[in-house]
Amino acid sequence: SELRVAEMGMLEHDRIGTIAFGASAAVEDPLRERSLLPAPQRAEIGRDGTDIGAALSRAVISLPLLVCF
């Protein structure tokens, strides 16, 4: 699958996850390291729209807060 191909290019501290979107958006696979297998889950999303803005917002709030000094 595309997700496994993406995992092959990950570096040591990289994380990967999946956001599903349609009429709304939901985290389908939370951020995780490459070595951890995700639980098989599917988000129930309405197919009567495409809210990519909600998907991008959900992705941003799912990222860990980085503090740089």
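I began with Asp29 and Arg32, which form a salt bridge whose closest N and O atoms are 3.1 Å apart; the model I am reading is a predicted one. I then looked up the accessibility of this pair and found that both Asp29 and Arg32 are buried.

Next I asked which other residue forms a salt bridge with Arg32. I found Glu7, with the closest N and O atoms 2.8 Å apart. This pair links distant parts of the chain, since Arg32 belongs to strand β2 (residues 25-32) while Glu7 belongs to helix α1 (residues 2-8), and the two are 25 residues apart. Taking the two contacts together, I recorded Glu7, Asp29 and Arg32 as linked in a network of salt bridges.

I then turned to Glu33 and Arg15, whose side chains meet in a salt bridge at 3.2 Å, N to O. Here too the pair links distant parts of the chain, with Glu33 in the loop between β2 and α2 (52-62) and Arg15 in the loop between α1 and β1 (16-21), 18 residues apart.

To close the entry, I noted how many salt bridges a search of the whole structure finds, namely 3.

Terms used: Residues are numbered from 1 along each chain as its sequence is written. This is a predicted model: local features need pLDDT of at least 70, side-chain atom pairs count only at pLDDT 80 or more; totals for chains, interfaces and linings use all residues. Side-chain values use heavy atoms; hydrogens and water are left out. A salt bridge is a side-chain nitrogen of Lys or Arg within 4 Å of a carboxyl oxygen of Asp or Glu. Helices (H or I, at least four residues) and strands (E, at least two) are DSSP runs, numbered from the N terminus. Buried means under 20% relative accessible area, exposed over 50%, partly exposed in between (1.4 Å probe, protein chains only).
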